[in-house]
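Biologist: Please put the model up, and then we can go through the ligand site and what lies around it.

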Amino acid sequence: LIVLGIETSCDDTAAAVVRGNGEILSQVVSSQADLLVQYGGVAPKMAEEAHSKAINRVTQSALDEANLTAKDLSAVAVTIGPGLSLCLRVGVRKAREIARSFQLPLIGVHHMEAHTLVARLTDRNLQFPFMALLISGGHNLLILARDLGHYIQLGTTIDDAIGEAYDKTAKWLGLDMRRSGGPAVEELAREGDSESIKFKTPMLHHKDCNFSYAGLKTQVKLAIGSKNIDAEIPLSLASSHDRSSRADIAASFQRVAVLHLEERCERAIEWALKMEPSIKYFVVSGGVASNQYVRARLEQIAKNKGLQLVCPPPSLCTDNGVMVAWTGIEHFQMGRFDPPPPADEPEDTVYDLRPRWPLGEEYAEGKSEAR
Ligand code: ATP
Ligand code: FE
């Protein structure tokens, strides 16, 4: 079994070829980081153009690196949501084109399920049921994964995701945004005093598992203003006094941002263990899971609760094609896939795109537990 995975839901164009046994044959990512620096965020139209420009090259490189042609594939997997429709469409169009030409089955993949299941590729002992925290640019999710395709959502964000808070903090601190903001904040935070600014931990009075990062973002912005930090002056040109106040803000922000994760995760694990006492693993994935401080703190939470932390390597935590191919494989093996598109598929076919697509059902008892 050999599957090509294609990912275009947000700002990276990615493709990879993976074997049914989990062997990664190739992995290609084309990032739009330069565009992000220019425009200060993801502009859907710009992102779509960048995907359209990159998609042929990225999928071809994935096949070349794997020393294969599309004829050798067993199926094509592609992200169909959640994400920006304009962007999703670019990947889906390419996936259908290949599937149509070579009459291959298609698997439509949920982006956040892919972030979750890739942990089962990197850790082959990871069995259902397990607990998962997904932390990325657009999502903060606490999930009880009961079985393949059967997820219960214990918590989500009520406003911004943690990755968004990292990105804005980086921007306001004048950090180098050529990579995404997260790694830059993580690096600078190592120089700072994380106790120097007393940011308030969000939602401490809400005894549920939801998240909120909008208030923390505002607190950071105010702190930056009160220290007269000018984001126009890059960190490399800042005075040493200015540099150390920026580092203090980065460290204090990171401490509280992660405290919020820790507090919610502890509670979510307790809820999950009541439903599924046999849980042994706690998966942490999504772009922010590449952060070493986040990993270390959540490792401790897992340990306290008697669980083992599973965190994919950074290149599989941020958006990638491997996670899409692997999720395709898991579904394919259960017989869940679409037949090849008809050879005479009309140009104006309406694709099944799911820009807003919840991962599983909400935990109904969450509200009463929270009381
Ligand atoms: P989503 O998965 O919600 O659709 P996305 O696909 O854009 O969003 P990912 O690629 O999974 O997000 O993750 C990108 C996010 O991860 C960015 O916000 C980035 O700042 C953050 N990130 C990446 N590395 C780190 C790090 N070392 N520390 C903190 N945050 C990080
Ligand atoms: Fe993602």
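Biologist: By class, how many nonpolar, polar and charged residues does the shell around ligand 1 have?

Modeller: This is a predicted model. In it, 23 residues surround ligand 1, and the closest are Gly137, Gly138, Gly163, Gly182 and Gly287. Gly counts as polar in this scheme. The shell divides into 4 nonpolar, 16 polar and 3 charged residues.

Biologist: Which element gives the largest share of the shell around ligand 1?

Modeller: Two helices, α5 (162–172) and α6 (181–189), each supply at least two residues of that shell. The largest share is 4 residues, and the element they come from is α6.

Biologist: Why is α5 described as largely enclosed by the rest of the structure?

Modeller: The buried residues of α5 include Ile162, Gly163 and Tyr166. Their cover includes β6 (130–135), β7 (140–147), α6, α7 (214–226) and α8 (240–275). The helix is largely enclosed because the buried part of α5 amounts to 9 of its 11 residues.

Biologist: Which residue with a positive phi follows α5?

Modeller: The phi in question is near 70°. The residue that follows α5 with this value is Gly174.

Biologist: Is Asn140 buried or exposed?

Modeller: Asn140 lies in strand β7. Beyond its neighbours within four places in sequence, its contacts are Ile135, Thr156, Thr157, Ala161, Ile162 and Phe211. A residue needs 20 or more other C-beta atoms within 10 Å to qualify as buried. Asn140 has 28 C-beta neighbours inside 10 Å, so it counts as buried.

Biologist: How far apart in space are Asn140 and Pro44, C-alpha to C-alpha?

Modeller: In sequence, Asn140 and Pro44 are 96 residues apart. In space, their C-alpha to C-alpha separation is 21 Å.

Conventions
Residues are numbered from 1 along each chain as its sequence is written. Chains are lettered from A and ligands numbered from 1 in the order in which they are written. This is a predicted model: local features need pLDDT of at least 70, side-chain atom pairs count only at pLDDT 80 or more; totals for chains, interfaces and linings use all residues. A residue is near a molecule or strand if its C-beta atom, placed from the backbone, lies within 6 Å of it. A residue is buried if 20 or more other C-beta atoms lie within 10 Å of its own, exposed if 12 or fewer, and partly exposed in between; C-beta atoms are placed from the backbone. Two residues are in contact if their C-beta atoms, placed from the backbone, lie within 7 Å.
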